[in-house]
Amino acid sequence: MNQSAAERVVVIGAGIVGASLAYHLASKGAQVTVVEAGAVASGVTGTSFAWINASCAGIDPIAALRGGAIAAYRKLESQVPGLTVRWHGALSYGTQDGRVSPESILIDRSRIAQLEPQLRQPPQQAVHEPEQGALDAVAATHALLAAAQALGATVRTHTPVLGFTVRDAQVTGVETAAGLIGADIVVLAAGTGTASLAAQLGVDLPIHASPAIFLRYQAPSGLVRGIISNHAMEVRQAEDGTMLAAEDYLDDAPENQPAAIALRTASAIRDELEGAEAIAPAFAGIGLRPMPLDGVPVIGYLPNIKGVYVCAMHSGVVLAAIVGQLASGEIVDGQPAAALEACRPARFLAC
């Protein structure tokens, strides 16, 4: 259902998805206010491995959306001061997850050793995806919000949403402790908090919190050039040498708590990489990613109340740029995006 172009848009959530939406909406002339219960990037954005990729295992219902993710980030890099992606590519082997992208190249051991010379035992073959990259998700979020503010947007942090004002089945404003913010459109982009916001509007969205472990290590620079994903580790290195790693959350057993996982992963990294003996854990935490019931992003207008647009997805960092681009076109220009058709909230709601 097409909606009329909006003047006043309130974006709830100042993670990377909300920041991208704010920037793209403001660039289209909308009067944007971002409302965030905590600090900028204080949710899952701050604990993201931030691997920008278009890979998928098996049939991908959002292939068209995922396929535009990298190009959208390259466009943002040219537009937003301070937003930088390290396009150093990724190597994957021995993971058995079947993830591939259209740009995947099968390379041999000698080429692997050229790309990642610190690997102690390069495999015979690996999948190389040279177009992929990674970013500092927190820095990127701040850069997007600064660019949005330069275009007239307002950012209100530490401002929890208390409720909504509704008239004739249309949301007209957002109630906060600091007062009422009038709105023509409200965008729910609060990560795992999106479902509870929708519930305040009488809408049940099946989005749960999916935990993952994020690790940061002090390490000598130059150990990893791009991204390495194998049976033992998923790692990359920041410009300052900080080693970043991601691990699946298993359960609440003591041996699977973040600190214990950090030590085990450090041991694996030392085994895999020459020169990694001195790495030391600096941070270990759990990030709660919003996971829709069917795994597909929830993006679009709620069908049973006017003026509410939802943006919730598991791969928030990966999809932030393309979703901001397409969703802002739907909200401001009233142009439905075909790439978002599989993502509509209506699939969960009885008509």
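**Helices and strands in a predicted model**

User: Which residues in H1 meet H8?
Analyst: In H1, they are Ile-16, Val-17, Ser-20, Leu-21, His-24 and Leu-25. On the H8 side they meet Gly-316, Val-317, Ala-320, Ala-321, Val-323, Gly-324, Gln-325, Ala-327, Ser-328, Ile-331 and Val-332. Keep in mind that this is a predicted model.

User: How many nonpolar, polar and charged residues are in that contact of H1 with H8?
Analyst: Eleven are nonpolar and six are polar. No charged residues take part.

User: At what angle do H1 and H8 pack?
Analyst: About 35°. The axes of H1 (residues 16-27) and H8 (residues 316-333) are 8 Å apart.

User: Is the crossing of H1 and H8 left-handed or right-handed?
Analyst: Right-handed.

User: OK, H3 now. At what angle does H3 cross H8?
Analyst: Roughly 75°. Because of that angle, H3 counts as roughly perpendicular to H8. The axes of H3 (residues 69-79) and H8 come within 8 Å.

User: Which residues in H3 meet H8?
Analyst: Ala-69, Ala-72, Tyr-73, Lys-75 and Leu-76. Their partners in H8 are Val-317, Val-318, Leu-319, Ala-320, Ala-321, Ile-322 and Gln-325. By type, the contact of H3 with H8 has ten nonpolar residues, one polar and one charged.

User: Switching to strands. What is the order of the three strands in the open sheet?
Analyst: The order is E3-E8-E4, with antiparallel pairing.

User: Why is one side of E3 and of E4 left without a neighbour?
Analyst: E3 (51-52) and E4 (85-86) stand at the edges. Each has a single partner strand, so one side of each has no neighbour in the sheet.

User: How many bridges join E4 to E8?
Analyst: Two, and the strands run antiparallel. E8 covers residues 133-135.

User: What about E19 and E20, parallel or antiparallel?
Analyst: Antiparallel, over four bridges. E19 is residues 298-301 and E20 is residues 308-312. Val-298 has Ala-312 in E20 as its bridge partner.

User: How many residues lie between the strands in that hairpin?
Analyst: Six. In this hairpin of E19 and E20, Gly-307 takes a positive phi near 85°.

User: Last one. What is the mean pLDDT of the protein?
Analyst: The mean is 92, and 96% of the residues reach 70 or more.

User: And where is the pLDDT below 50?
Analyst: Over residues 1-5. Beyond near neighbours in sequence, that stretch has nine contacts in the model.

Conventions:
Residues are numbered from 1 along each chain as its sequence is written. This is a predicted model: local features need pLDDT of at least 70, side-chain atom pairs count only at pLDDT 80 or more; totals for chains, interfaces and linings use all residues. Side-chain values use heavy atoms; hydrogens and water are left out. Two strands pair if DSSP finds at least two bridges between them. Axes are lines fitted to C-alpha atoms, for helices over the stretch in contact, and angles run from 0 to 180 degrees between N-to-C directions. A crossing is left-handed if the near helix is turned anticlockwise from the far one by less than a right angle, and right-handed if clockwise. Contact means heavy atoms within 4.5 Å. Ala, Val, Leu, Ile, Met, Phe, Trp, Tyr, Cys and Pro count as nonpolar, Asp, Glu, Lys and Arg as charged, and the others, Gly among them, as polar. Angles under 35 degrees count as roughly parallel, over 145 as roughly antiparallel, 65 to 115 as roughly perpendicular and the rest as oblique. pLDDT is the predictor's confidence in each residue, from 0 to 100.
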